[in-house]
Amino acid sequence: MPYRLATPQENTVLHLPEPLLQFLPGDGHTVGAALTGDPRVSGVAFTGSTETAWAINRALAARQAPIATLIAETGGQNAMLADSSALPEQLVKDVLASAFDSAGQRCSAARVLFVQDDVADKVIKMLSGAMAELKVGNPCLLSTDVGPVIDADALALLKAHAERMDREATLLAQATLDGSCAHGHFFAPRAYEISSIDLLKREVFGPILHVVRWKSQQLDQVIADINATGYGLTLGIHSRIDTTVERIRRGIHAGNCYVNRNQIGAVVGVQPFGGEGLSGTGPKAGGPHYLARFATERVLTINTTAAGGNASLLTLSDG
């Protein structure tokens, strides 16, 4: 039985034959490389790291085959920017969810919290207290707030970054691990204060939050520093001043901005999602242009005067 794919913009339904949909789990170096190197593949939709997206792009370009379509949704050095008007209780709640839900293993997760210096001490104190209450453990248990990271390699990268931060930054807070975490890939969520986002050269994929203080006159510089990372996936804004929100939104290079809420959990088909720069190619998943990106447009132009009609030109387009 064919699968039905609705396209609400045109109020039509596309019928996909079942053989077109295949599930091929496997390592990227084996299954992924074989697929992207095959000349019969005409398009790739990828979600993952920027480095892997580069590799896929190079593999597609190296083929002696028709030019393929690539839509990549990659990671980001996602920031949450809070000014002195932000409601501290809501800010801390949203920071916890954005940085530590799913053990920080979301492409949209908050990696850096920029908090205005006027309220930084209060926010950091509240954040530290909230992190002390986090329960790390088996995700099957309702009492668990943060589960394990995906594998041993991910855990090793997080430990290496934490060791670097222990030397170069200030540890603000760290959740505790109890005996139930003795076996498995568990990493204690932690927050470090750093002097600048420039200290972070690539995305750290896991439950580590970096905090940067900024002064009121530095807002434009903060926006420039975030843009200078080259990533542009998500940005959280916490402010109760509409003009500040608009100033940040207009200045930032990010695919998705979230105001006075967390910055994770976009629902495909409801909230179009995707970034720019090192964070992806677009068009956005869940957006009106996503499916059309994989279509080939064919145009038929007819000179109607040759058929005895009026002097006019008729053009028909078929996706």
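User: What makes the contact of D117 with R213 a salt bridge?

Analyst: The model is a predicted one, and the distance is computed from its atoms. The closest N and O atoms of D117 and R213 are 3.5 Å apart. The criterion asks for a side-chain nitrogen of Lys or Arg within 4 Å of a carboxyl oxygen of Asp or Glu, and the pair of D117 and R213 is accordingly listed as a salt bridge. Side chains of opposite charge can pair when their charged atoms come close.

User: Why are D117 and R213 called partly exposed?

Analyst: The class lies between buried, under 20% relative accessible area, and exposed, over 50%. D117 has a relative accessible area of 30%, and R213 has one of 29%. Both residues are therefore partly exposed.

User: Which salt bridge joins D121 to R213, and why does D121 count as exposed?

Analyst: The side chains of D121 and R213 meet at 2.8 Å, N to O. D121 also lies in helix α4, with R213 in strand β9, so this pair ties together parts that are 92 residues apart in sequence. The relative accessibility of D121 is 52%, and the cut-off for exposed is over 50%; D121 therefore counts as exposed.

User: Which residues are linked with D117, D121 and R213 in a network of salt bridges?

Analyst: E193 and K215 belong to the network together with D117, D121 and R213. In the whole structure, the search finds 11 salt bridges.

User: How do you know that E246 and R249 are separated by about one helical turn?

Analyst: E246 and R249 are 3 residues apart in helix α7 (residues 242-251), which means a separation of about one helical turn. Their side chains meet in a salt bridge at 2.7 Å, N to O. With relative accessible areas of 28% for E246 and 41% for R249, both residues are partly exposed.

User: Why is strand β11 described as largely enclosed by the rest of the structure?

Analyst: Of the 5 residues of strand β11 (residues 234-238), 5 are buried, so the strand is largely enclosed by the rest of the structure. Both faces are covered, with T234, G236 and H238 on one side and L235 and I237 on the other. For the protein as a whole, buried residues make up 39% of the 319 residues.

User: Which strands are joined to β11 by bridges?

Analyst: Strand β5 (residues 79-82) runs parallel to β11 and is joined to it by 4 bridges; A82 has H238 as its bridge partner. Strand β12 (residues 256-259) is likewise parallel to β11, with 4 bridges between them, and G236 stands opposite Y258. From β11 the chain crosses through α7 to β12, in a right-handed β-α-β crossover.

User: What makes one face of strand β3 covered and the other uncovered?

Analyst: In a regular strand the side chains alternate between the two faces of the sheet. Strand β3 (residues 43-47) has V44 and F46 on its covered face, and G43, A45 and T47 on its uncovered face. Strand β3 runs parallel to strand β4 (residues 69-73), with 5 bridges joining them, and F46 stands opposite A72. Together with helix α2 (residues 50-62), strands β3 and β4 make a right-handed β-α-β unit.

User: How many cavities does the search find, and which residues are closest to the centre of the largest cavity?

Analyst: The search of the whole structure finds 1 cavity of 30 Å³ or more. The volume of the largest cavity is about 70 Å³. Its lining comprises 13 residues, of which I226, Y231, G232, L233 and T234 are the closest to the centre. Helix α6 (219-228) and strand β10 (231-232) each supply at least two lining residues.

User: What is the make-up of that lining by class?

Analyst: The lining of the largest cavity has 6 nonpolar and 7 polar residues, and no charged residues.

Definitions and conventions
Residues are numbered from 1 along each chain as its sequence is written. This is a predicted model: local features need pLDDT of at least 70, side-chain atom pairs count only at pLDDT 80 or more; totals for chains, interfaces and linings use all residues. Side-chain values use heavy atoms; hydrogens and water are left out. On a 1 Å grid over the protein atoms alone, a cavity is a set of points where a 1.4 Å probe fits but cannot get out, and a pocket is an open set with protein on both sides within 12 Å along at least five of seven lines; lining residues have an atom within 4 Å of a point. Grid points are joined across faces, edges and corners, and a volume is the space filled by probe spheres set on the points. Ala, Val, Leu, Ile, Met, Phe, Trp, Tyr, Cys and Pro count as nonpolar, Asp, Glu, Lys and Arg as charged, and the others, Gly among them, as polar. Buried means under 20% relative accessible area, exposed over 50%, partly exposed in between (1.4 Å probe, protein chains only). Two strands pair if DSSP finds at least two bridges between them. A crossover is right-handed if, with the strands pointing away from the viewer, the path from the first strand over the helix to the second runs clockwise.
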